[in-house]
Structure formats: structure tokens, C-alpha cells
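Please look over the sequence and the fold before reading on.

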Amino acid sequence: MARGQRMKSVSGIYHIMMRGNNKQQVFFDAEDYHKFLSVLGICKGICGFKIYAYCLMENHVHLLIQEGEEPLDKVFKRIGVRFVGWFNTKYKRCGNLFQGRFKSIPVNDDEYFITVLRYIHQNPVKAGIAKKCSDYDFSSYNAYFSSAPLVDTDFAMSLMSVSQFKELHNEPVKDSRLEKLEQDTIRLTLEEAAKAFEECTHCKNQKEFQSMPKDMQGAYINVLKKQHLSIRQISNLTGVSIYNVRK
């Protein structure tokens, strides 16, 4: 099936989302996060795009960028070649790291720009890994209060004052487009869940999984939870009751 054509942004600004294969983890330690940001900075210098916001989560990346001299497809090919090549060497692996094509959503007005900016910075808070936006090290929130050449802060700060910026980031974002994107980021399809189950456990079906010792089953179930399979998906794939999967 042919790929659908991307929607073009009149402003040239896009909300970009990249996620790991099967929504699996792509950043394992601080070095990984810092390397990705370094690659982003290098490619920014080459491609001429602007970065208004970023947030690196364990299994996905959010960016708010404005297209520059090169089209987005070429930009993210550059980023992928540099980061994935380094990552595969470090972890002695091969193949793709990010799943399929990156998602790009046009940002065509100032109101939606501010909404996306807040949404990106609030990701760690919504995920429960930070109490407030400023606590998280791998987003661009703090760049708005310090000198950080990677982030282009002038446009956002032309739309609001510093106090408004802080106040808005304390308010939850409610937008159906972003809520759907969030669910797509977290939830695995049945096919993705089945693939993750087989790759993790090396079992092709419930019978093979049930033949494992109970302690090994429990260990694998914990790993599957971390890979964002739902309780019901894990139960269906392993044959373990929903009650026991929850424990």
C-alpha cells in the first residue's frame, strides 16, 4: 500500500513525533539522551531548521520545529543515520531503531503553537516521571530561562511574557488531536503486542510460555509491562489470568 502524502504546514512549523520500534525503549542512559541532542544540533546547523521545543522520553521523541533549507524527510534521514549508527555500535545491535516514518502534524496558527509547546514540555509530568516541567533534564523547558543555542526561544516569547509562559505550563493541555497522538504513542496494536511478546519471550504461543517456570513467567510479564503492552494483551498472549498479570 502506498504511503499517504504528508499534510503541509503553511507556516512551515510541525509537531514531530518519533517512536521506537514496537514502542520499545530507545534511550537507556544519560549518554544516549545527550548524543541525540548533539546529533540534533549538528543537523540543525546543516539543514537550517529551527527548534522551538523538544522532549526526549524513554521510547519516543517530540519536537516542535520549523522547516528550513531541507525538507523534513531529508532532515530526519540525517538524524537517523547519525544517531542510530552510533546507538547500534554502542549496544552491538543492527537494524532500525525508530518505527517507520516519523509523524508530522502541521502547526498553522499561534494558538496551536502554544498548545503543542506546552504539551511537549508537559510530557514527563503526565508520564509521572517529573513533578513539574522544570524538573526534567531532557526537554527544552529550561532553555527558555537560560542560554541554550539549540532552542530558538524568540518566537514563543514574542507571543507571551515569561510569567505567562510559566503559568500556561502549569495548566493541563486539552486538545483532541494531541490526546489521540498520546494514545497512539503509548498503546500497542495487537500486531505490535504479538511481535513484542515473541521477541521478548522467544515463545510463539501460550503453550510455550506456560511451559516456563513460574518465576521466569513473572519476570517476562514485568518486562512486557515496561514495553507498554496492556494487561489484557499480556493475559491473552501468555495465558496468565488478568488478576495474576496485575500482581
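Which residue in strand 3 is the bridge partner of Met17? The partner of Met17 in strand 3 is His62. The model is predicted, so local features need pLDDT of at least 70 and side-chain atom pairs count only at pLDDT 80 or more, while totals for chains, interfaces and linings use all residues. Residues are numbered from 1 along each chain as its sequence is written, and side-chain values use heavy atoms, with hydrogens and water left out.

The sheet is open and antiparallel, with 4 strands in the order 2-3-1-4; strands are DSSP runs of E with at least two residues, numbered from the N terminus, and two of them pair if DSSP finds at least two bridges between them. Strand 2 and strand 4 (103-106) stand at the edges with a single partner strand each, so one side of each has no neighbour in the sheet.

| Strand pair | Bridges | Sense |
|---|---|---|
| strand 1 and strand 3 | 7 bridges | antiparallel |
| strand 2 and strand 3 | 6 bridges | antiparallel |
| strand 1 and strand 4 | 4 bridges | antiparallel |

Across these pairs, Ala53 has Leu64 in strand 3 as its bridge partner, and Ile16 stands opposite Ser104 in strand 4. Strand 3 is mostly covered, with 6 of its 7 residues buried, where buried means under 20% relative accessible area (1.4 Å probe, protein chains only).

A hairpin through 3 residues joins strand 2 to strand 3, and Asn59 lies in the loop between strand 2 (50-56) and strand 3 (60-66). Asn59 is buried, with a relative accessible area of 6%.

Conventions:
Buried < 20%, exposed > 50% of the residue type's maximum accessible area, 1.4 Å probe, protein only.
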